[in-house]
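Please open the model in your viewer and keep the selection tool to hand. We will go from stop to stop, and at each one you will hear what to select and what to look for.

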Amino acid sequence: MAAENSLDISRRQFLTSGTLTAAAACLAPGYLVAQTGGLVGGAFKEAATAKVSVQKLRRNVSVLLGAGGNIAVLTGPDGKLLVDAEIITARPNVSRALAGINADPIKQLVNTHWHFDHTGGNEWVHEAGASILAHENTLKHLSKATRVEGNWQYTFPPAPAGALPSTVFKDDYTLHVNGSTLALKYYPPAHTDSDIFVHFTEADIFHTGDTFWNRSYPFIDYGTGGSIAGHIRAAEANIAKVTDKTIVIPGHGAVGGKADLVLFRDVLVEIRDKVAALKKQGKPLPEVIAAKPGARYDAEWGKSFQGPSDFVALVYQGV
């Protein structure tokens with residue numbers, strides 16, 4: 001499936017970025033490209049050229065799959081509603097993909113959380129005519145300088161005014177757009193402390209944001225409230241919310257279903273338990289990494305955003 005190919009970004013491609021390409025440098029604002037190394041710099045570079053594919057789902061909902069977070073698109077007489085806005089350097093390919101769906105203007109944007117690969121397009125989408133809706137903690141983190149550790153090692157400066165959500169909520173929010181009802185709900189801290197899901201109720205399509213990564217190890221942002229325990233709680237909540245007929249849009253990876261959510265939960269629990277047992281025995285992190293607690297998943301799950309060692313380090317931090 002083309003969507004799977006577009007997401008199959010090797011970890012080496014994603015991380016190897018001494019400097020940004022000229023295209024990425026032109027597209028990314030100066031306040032973001034001042035720091036160009038590591039995973040974030042690599043993401044700017046990759047997104048500038050990565051294909052953005054469109055996958056039609058059910059009713060009037062499609063999904064855009066590219067280098068950053070997956071974008072759900074709801075079309076209709078009220079204009080396009082987007083869930084998430086990709087990396088800023090993906091703008092030309094995202095714009096092209098949206099235009100390929102139809103000529104409806106963009107009128108609403110929902111952010112599933114605050115990270116740059118889901119909010120990077122906020123400013124240009126707002127300039128195109130969209131209002132922005134998110135959890136209150138997304139606004140909090142975008143409004144100030146925020147440091148992300150792990151293998152990101154990046155300090156995000158405050159976002160410009162046009163990139164900030166104009167409407168925020170605390171627990172639940174309901175939208176009625178294009179003949180569809182969208183149920184938004186906040187997760188207790190999971191991947192971050194700003195995660196929400198979006199359920200297109202009539203189409204039974206469930207966008208999890210980064211509480212679900214389909215067949216890749218997730219990043220856990222401890223600095224803004226994330227934890228391995230919270231990630232597993234969110235995985236359990238996702239499983240309880242969907243049925244075997246629900247279409248599930250992950251934050252990253254191919255569109256899936258309930259069985260994929262169960263597998264994700266099981267992998268997190270298995271590796272968490274193994275790492276916790278080794279840490280309880282007094283094993284230092286290098287020895288735990290060398291033990292390869294995710295050995296039977298590493299070849300597939302560790303080739304994208306988080307390598308096996310990176311993910312074990314994140315789990316070790318939280319157990």
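Does Y173 count as buried, partly exposed or exposed, going by its relative accessibility? Select Y173 to find out: at 28% relative accessibility, Y173 counts as partly exposed. Keep in mind throughout that this is a predicted model.

**Stop 1: the ring beside Y173**

F169 is buried, with a relative accessible area of 5%. The ring centres of F169 and Y173 are 5.7 Å apart and the planes meet at 40 degrees, so this pair is tilted. A pair of aromatic rings is described by the distance of the centres and the angle of the planes.

**Stop 2: helix α5**

Next, select residues 38-49, which make up helix α5. Of its 12 residues, 9 are buried, so the helix is largely enclosed by the rest of the structure. Colour the buried ones if you like: they are L39, V40, G41, G42, A43, F44, E46, A47 and A48.

**Stop 3: from α5 to α7**

F44 belongs to helix α5 and F116 to helix α7 (residues 116-119), so their pairing ties together parts that lie 72 residues apart in sequence. Both F44 and F116 are buried.

Then widen the selection to W114, W152, Y154, F156 and F219: along with F44 and F116, these residues form one aromatic cluster. Across the model, the count of aromatic pairs comes to 16.

**Stop 4**

Select residues 61-65 for strand β2. Is this strand enclosed or open? 5 of its 5 residues are buried, so β2 is largely enclosed by the rest of the structure. In a regular strand the side chains alternate between the two faces of the sheet. Here both faces are covered, with V61, V63 and L65 buried on one side and S62 and L64 buried on the other.

Now show strand β3, residues 71-74: 4 bridges join β2 to β3, and the two run antiparallel. Across this pairing, V61 stands opposite L74 in β3. The hairpin that links β2 to β3 passes through 5 residues.

**Stop 5: the five-stranded sheet**

Move on to the open sheet of 5 strands, ordered β10-β11-β12-β13-β14, where the pairing is mixed. Its edge strands are β10 (172-177) and β14 (247-249), each of which pairs on one side only. From one strand to the next, the twist averages 20 degrees.

Inside this sheet, select residues 196-200 for β12 and 205-207 for β13: the two strands run antiparallel, joined by 3 bridges. Look for H199, whose bridge partner in β13 is F206.

**Last stop: a charge over a ring**

Finally, select K279 and Y316. What does K279 lie over, and at what distance from the ring centre? K279 lies over the face of Y316, 4.5 Å from the ring centre.

Technical notes: Residues numbered from 1 in each chain as written. Predicted model: local features only at pLDDT ≥ 70, side-chain atom pairs only at ≥ 80, totals over all residues. Heavy atoms only, no water. Buried < 20%, exposed > 50% of the residue type's maximum accessible area, 1.4 Å probe, protein only. Phe/Tyr/Trp six-rings, centres within 6.5 Å; stacked < 30°, edge-to-face > 60°. Lys NZ or Arg CZ within 6 Å of the ring centre and 35° of its normal. Pairing = 2+ DSSP bridges. Axes fitted to C-alpha atoms, helices over the stretch in contact; angles between N-to-C directions.
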